[in-house]
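Please read them with the structure open.

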Amino acid sequence: MRLPGEPSGHVTGEREFDAFYGASVGRLVGQLYAMTGDLAESQDVVQEAFARAWEHRAELDLHGAPEAWVRTVAWRLAVSRWRRVRTALTLARRQGPPPVVPPPEPHHVVLVEALRQLPEAQRRAVVLHHLCDLPVDRVAAETGSPVGTVKVHLSRGRATLARLLAHTELDPGADRLPEGRHG
Amino acid sequence: MADGTELGELLGELAESGRGRVVPMAAHQVRARGERRRRRARTVRASVVAVFACALLGGGIALAGTARVPEPGAATPSPPPSRFVPPAPAPGEEYAGELGYVHDAVAQGDRVRITVRQLRAVAGGTPVPTGVVHTLTLPRTTPVETFRLSGGRPADRELGGLVGRLAGGPRWTFEIDYDDEGRVASLREAG
């Protein structure tokens with residue numbers, strides 16, 4: 001992958017890609033986790049999306065927003081719900097020893113369950129806007145939706161989350177988060 | 001969580017918790033996976049050109065020799081028995097792949113019948129037709145991974161939504177994934 005200012009060359013491309021991967025894979029897995037509520041699935045689709053990014057790196061040069069490209073591809077893979085267990089990445093992950101990781105915090109489980117009850121479009125808009133800090137117009141561009149539609153998704157998504165979390169220890173304070181705060 | 005906690009902070013904590021609970025693969029492994037996909041696509045693209053050229057050449061020869069070729073018999077020739085045997089996954093693999101053109105798709109209720117014109121990959125060369133042609137009747141919901149069919153962007157579709165695009169002659173090349181019982185799990189556009 002070649003970004004502005006980067007010298008050309010195969011080895012440099014690998015280094016650039018590795019740096020891009022290392023800097024963004026964790027962040028993207030976290031974002032996809034919030035979008036999907038499934039951590040293992042998020043890791044699978046993000047890594048598969050990075051494999052496709054390497055495959056199509058020439059197109060990424062033209063696109064100019066590689067992280068958004070990877071996130072979009074990962075999201076499409078995730079929402080397909082086809083569980084691409086056949087991919088080599090998935091096989092490799094499942095054949096390896098299970099990583100020793102702490103269990104999720106109880107309030108994270110509550111939040112994930114609430115997020116899962118949002119329609120996919122609302123969940124994606126909420127995460128892109130409130131977690132990825134994208135302004136509404138960029139959420140619209142990334143999702144291919146009109147700005148007005150994104151605002152509706154955000155409004156309804158926050159309202160639903162507020163209702164779902166009202167009787168828990170979590171309260172996102174939906175009414176205090178207008179779109180304008182993020183642009 | 002306190003009343004003042006905002007949604008963005010909640011989501012940020014959630015994302016960070018997920019981030020801390022995964023161990024991403026090494027970058028070179030991800031690149032290797034991308035390279036395999038790229039090589040496969042490049043190989044099949046080359047095969048498409050070669051087969052198209054052969055088809056043109058064959059058509060030209062057929063036209064030139066029209067006067068010398070006798071009329072075909074009245075009886076409709078029956079297709080030769082298919083030599084197709086569903087491939088079996090290699091040890092340790094979840095799926096086995098078949099490379100081929102997918103064409104002549106026909107919707108049949110909740111299923112789709114497709115014709116597969118099998119290709120054989122040649123190391124360092126252009127895949128060649130094997131001569132094996134067979135049909136598959138698959139659920140409309142069979143997952144299909146597309147790229148050129150979806151305008152040059154990776155996309156996940158269902159076979160039922162692609163019947164119109166795959167209804168014509170051999171044009172689109174796919175890897176077909178078979179499980180260990182010979183069932184098709186999915187199709188992936190290869191060219």
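Which residues of helix 9 of chain A are buried?

1. Helix 9 of chain A. This is a predicted model, so local features were held to a pLDDT of at least 70. The buried residues of the helix are A:Val150, A:His153, A:Leu154, A:Gly157, A:Arg158, A:Leu161 and A:Leu165. They cover an arc of only 125° around the axis, so they sit on the same side of helix 9 of chain A. A:Gly148 and A:Arg163 are on the other side of this helix, and both are exposed.

2. Packing and length of helix 9. Its buried residues pack against helix 6, helix 7 and helix 8 of chain A, and also against helix 1 of chain B. The geometry checks out: 19 residues at 1.5 Å a residue should span 27 Å, and the end C-alpha atoms of helix 9 of chain A are 27 Å apart.

3. Helix 1 of chain B. Buried here are B:Leu7, B:Leu10, B:Leu11, B:Leu14, B:Ala15, B:Ser17 and B:Gly18. Seen down the axis of helix 1 of chain B, the buried residues fall within an arc of 160°, so they line one face of the helix.

4. Helix 8 of chain A. The buried set is A:Val136, A:Val139, A:Ala140 and A:Glu142. Their arc is only 170° around the axis, which puts them on the same side of helix 8 of chain A. The cover over these buried residues includes helix 4, helix 7 and helix 9 of chain A. After helix 8 of chain A comes A:Gly144, with a positive phi near 70°.

5. The largest core. In soluble globular proteins, nonpolar side chains tend to be buried together. The largest nonpolar core in this model has 53 residues. Those with the most contacts inside it are A:Leu32, A:Ala34, A:Val46, A:Ala49, A:Phe50 and A:Ala74. Elements giving two or more residues to this core include helix 1 (10–36), helix 2 (39–55) and helix 4 (66–79) of chain A, as well as helix 1 (7–20) of chain B. Helix 1 of chain A gives the largest share, ten residues. Domain 1 (1–101) and domain 2 (103–183) of chain A both give residues to this core, so it lies between them.

6. Neighbours within four places in sequence aside, A:Val46 is in contact with A:Val25, A:Leu28, A:Val29, A:Leu32 and A:Ala74. Apart from this core lies another, of 20 residues, among them B:Val112, B:Ile114, B:Val133 and B:Leu159.

7. Chain A has nine helices and zero strands. Chain B has two helices and seven strands, in the order α-α-β-β-β-β-β-β-β. Of the 183 residues of chain A, 44% count as buried; of the 191 residues of chain B, 30% do. Among contacts with a separation of 6 or more, residues 24 or more positions apart account for 59% in chain A and 52% in chain B.

8. Strand pairing in chain B. Strand 1 (residues 96–108) pairs with strand 6 (residues 172–178) in the antiparallel sense over seven bridges. B:Gly100 stands opposite B:Phe174 of strand 6 of chain B. Strand 1 of chain B also pairs with strand 2 (residues 111–120), again antiparallel, over eight bridges. There, B:Val106 stands opposite B:Arg113. Strand 1 and strand 2 of chain B form a hairpin with two residues between them, and B:Gly109 in the turn has a positive phi of about 65°.

9. Backbone angles to look at. Where is A:Asp133 found? A:Asp133 is in the loop between helix 7 and helix 8 of chain A. Its phi is positive, about 60°, although it is not a glycine. A:Asp133 is exposed, with 12 other C-beta atoms within 10 Å. B:Asp104 also has a positive phi, near 50°, and is a residue other than glycine. B:Asp104 is placed in strand 1 of chain B. It counts as partly exposed, with 17 C-beta neighbours inside 10 Å.

Technical notes:
Residues are numbered from 1 along each chain as its sequence is written. Chains are lettered from A and ligands numbered from 1 in the order in which they are written. This is a predicted model: local features need pLDDT of at least 70, side-chain atom pairs count only at pLDDT 80 or more; totals for chains, interfaces and linings use all residues. Helices (H or I, at least four residues) and strands (E, at least two) are DSSP runs, numbered from the N terminus. Two residues are in contact if their C-beta atoms, placed from the backbone, lie within 7 Å. A nonpolar core is a set of buried Ala, Val, Leu, Ile, Met, Phe, Trp, Tyr and Cys residues joined through C-beta atoms within 7 Å. Domain bounds come from an automatic or database domain assignment. The arc is that of the directions from the helix axis to the C-beta atoms. The expected span of a helix is 1.5 Å times one less than its number of residues. Two strands pair if DSSP finds at least two bridges between them.
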